[in-house]
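Let's take a walk through this protein together, one piece at a time. Have the structure open and follow along.

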Amino acid sequence: MRKEKMWNYKAKYREKAQILAQNLDLPEYVAQLLVNRSILTIEEAKKFVYPELTNLENPFCLPDMELAVTRILKAINNGERILIYGDYDVDGITSTALLTDFLRDQGAMVEYYIPERLGEGYGLNKDSLLWAKRSLNCSLVITVDCGISAMSEVEAAKAYSLDIIITDHHEPSSAKPSAIAVVNPKLDRAKCFRHYAGVGVAFKLVQALAKKLGLPDTYVERFLDLAALGTIADVVPLVGENRILVKHGLDRLNKLKRVGIKALVEVAGLAGKELNTCHVAFGLAPRLNAVGRLGNASPAVDLLITDYEQISCEIAKKLNKENSERQLVEAQIYKEVCERIEKEIDLTKEKVIVLGSEFWHSGVIGIVASKIVEKYYRPTILLAIEGEYAKGSGRSIENFDLFRALQHCESILERYGGHYYAAGLTVRTKDIENFNKIINDYAKTHLSPELLIPSQDIDLAIDLRDINSNFIRELKKLEPFGAANPEPVFYSRKIHFENCREVGKQANHLKCKVSVNNISLDAIGFNLAYLLGDKISNSNKEADVIFSLQENTWNGNNYLQLNLKDINSTPPFRELFQLNIDLTGFWNDLFSSLHIVKVPLRKIGSWLSFILEDFLALKEIEFLRLDGQLNYKLDNLSSKKVVVLTEPFYYKYESLLHKKAGKLLNYRQFLKGKTTSENIADYRGRNKKQILDEFIKQNKKIFIICNYRENAELLREQLFATYPELNHNSIQVLFTKDELYSFILNRNEVQIVISNQLLELYTWYDYDVKIIYEAPFSQEELLIRTQKFTNNQIVLLWNEEDLIYNRDMLHAMFPDANFLNQLAKVLERTKEGKPLVLESLKQQIMVANKSVVNIFIMAGLKTFEELGFVIKREGALICSTNKEKSIRWEKSACFLEGLKEKEAFSNFVNSPLPWKENMEVV
């Protein structure tokens, strides 16, 4: 089950990007990438682009740091035995190694302890503390990357005459352990940087100790490689101090000063490469993690602190072997989990995947949970059942805080901890089913259907011809990439694909060449091989792509490669669905079986059908629109189809639709509880040009609603002639989806948008004033256009001529019986089986308004086709042999819809509007 991704185009605030570019001598695209990462001021940008060690904060701003340093220095001076109590993941391993290495260098008597994942689990435990006191004769225990929730364990330590200092970065609960000191940046968020990994907190402790000991500022730089390794592996935001630590830590990591890291680099196949965050995250970190997942993690600490090359080589080989074994176990569990999801879980009802087994290894299920989230895009919790208790690892998605969800379930949990995207827990085996129900009930109120669509952020649209070595060199100023500073993702339109093939052990990756004009680049799409034959094929090799850029080395030569993120011919941008109206309840009703959405008029149905068609495509649900302008046949109705139709078509097909047990929904659910804007200026009948000029001269961003494209384009040309400073980027006409996609990419430069109804439900376009330039067709349409979306002004600017134009167009789009009878006589004279020719029909038809005769005839032929008097054969319309002398127009849903359209328009024209003419409401 692969989900279509929603594309989320981020670029905005172009003016701010230009200011950064000018003041920091950066290319504008680099400045825009900074703005996309919410770096908006010159000072912020300078620190980001040039992260200096001198910008590190005073470590004593962290809570209890002074208390911790005082107690540790006392222990060193008194020759006390100190135990560093760590954790079995990379963050805990590097934290343990960093603090142990530093304290031993200061002459402290230090031991370290890593609990076993299987036997002891995460965090402090009382047996280990008692062992530290009795066997090691320790008097001080310093935790790293754990301890913030160890209330009872700290109390037990006091009974053993053990002092505890806690250094941690996990979310604290309402209570605080009564330790000598609790150094956790999340306890006092106002005073210090709060996003450190556990190793970042350990580094700050070392930095504080070094200051008190009078060591030179450069001394702590020797520990930056460990700080970078743990920070990258723990996937904390690479901003602020983390960015400084990782930037300079990678520089030191690449010098391979530690023999253990050098040995690890060699077994990982990374020797000779310039290590970056990806190499650490996917090459080094998994090998350090593996030993702790399947057994005891202490060898990984030994690897990082040893000075002996032979020992480091032996340990590195052991870690590499453990990693291979871990991958086999992981693959087996992953396969079983996928099979069970398909058999046991109804993903239309359960929003959180919860599964457990007695045969799963608790050290591996966290990795498997991550892969399940990637495949199914659901929060996932996997449980390793061990007798009476089950240990679980969970991973989450955007917009679902897993830690908060577990807090909601805490009455049934033995213990839990973690953060937004990842957490661990222990639950009684007998309570698993109840836990599943509670967390899924919680998810139902916090995860609407649209939030279960994965999204991919896009930074900028670029042309492949602009990608060169200089472009890459400038991008490197944003490294290191990671959480909160991801690799920039670019968007290019209408790209050609060549030499597409499946690669990888499981043939699940896509390898190809992409090109535009004469520019060709290699591309790889990890886990995108399934798009072959779907989004790209021999017959359809052109599509839009989103990608990041990577520089590879082969035989000593560097070359650029696109890392494809997604491919689509009609990109599903998230902006299209950021509606001001709350649609959650409506969406919830659509996702089970065939549904009918009834709308009263064609004009009302247009925006609704547009939204539904794109949104339902992401849910793999078919969409069919039935009205006087489009289809009028119901073929092959399935349980995966939503039908949007007007009232005449509903009554025509009512019996067929209800046989399929469809649920009838009404469009009014979209409008429920919405009020008309209070900021409406009624300028109907006034000089349109004069009113429009006033807003343009004020440099306002304007959204102009026109009903007809030809009028919109004429207005655009008039504005070009009046205002030479406006160009084709300043004014855009939007009447199609492709035009809307283009607008999303370039809207920062657009001052005036002229559209029909494509934009009026979307609040992400930041216009200052909305001008209803041409008259609506009904009261309902006026209600939609004047709903209170924002506090921006709405201006009514139509006149009597617009009303007459609408009336004439309605009569053309829905011909009356007189015209249809006239057309029937012409068709009777047409030879059977002969294709109908529009020009010939025009010469035989009499209408008052010749400019719309084509519309009259085509609309009339639709009605005849519906009634079976005209049929389509090989792309042409021909007269049917089934000709009756009298035709009953009331049998045609198209005809009946026209009557309703005209009636609604007449009611609108004759109704008293809620504003008096020329009265401004502000």
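Keep in mind that what you're looking at is a predicted model. Start with helix α25, whose buried residues are Ala712, Leu715, Arg716, Leu719 and Phe720. They cover an arc of only 140° around the axis, so they sit on the same side of α25. Here's the background: an α-helix has 3.6 residues a turn, so residues three or four places apart point the same way. And what lies over those buried residues? The cover includes α24 (688–697), β24 (702–705), β25 (731–734) and β26 (752–755).

Five strands make up an open sheet with parallel pairing, running in the order β3-β2-β4-β5-β6. β3 (109–113) and β6 (181–183) are at the edges with a single partner strand each, so one side of each has no neighbour in the sheet. From one strand to the next, the twist averages 20°. Zoom in on β5 (residues 163–167), which pairs with β6 in the parallel sense over three bridges. There, Ile165 stands opposite Ala181 in β6.

In soluble globular proteins, nonpolar side chains tend to be buried together. Here the largest nonpolar core has 81 residues, and Phe547, Leu564 and Phe573 have the most contacts inside it. Helix α20 (residues 602–618) gives the most to this core, with six residues. A second, separate core has 78 residues, including Ala68, Leu98, Leu103 and Val301.

Key
Residues are numbered from 1 along each chain as its sequence is written. This is a predicted model: local features need pLDDT of at least 70, side-chain atom pairs count only at pLDDT 80 or more; totals for chains, interfaces and linings use all residues. Side-chain values use heavy atoms; hydrogens and water are left out. Two strands pair if DSSP finds at least two bridges between them. Helices (H or I, at least four residues) and strands (E, at least two) are DSSP runs, numbered from the N terminus. Axes are lines fitted to C-alpha atoms, for helices over the stretch in contact, and angles run from 0 to 180 degrees between N-to-C directions. A nonpolar core is a set of buried Ala, Val, Leu, Ile, Met, Phe, Trp, Tyr and Cys residues joined through side-chain atoms within 4.5 Å. Buried means under 20% relative accessible area, exposed over 50%, partly exposed in between (1.4 Å probe, protein chains only). The arc is that of the directions from the helix axis to the C-beta atoms. Contact means heavy atoms within 4.5 Å.
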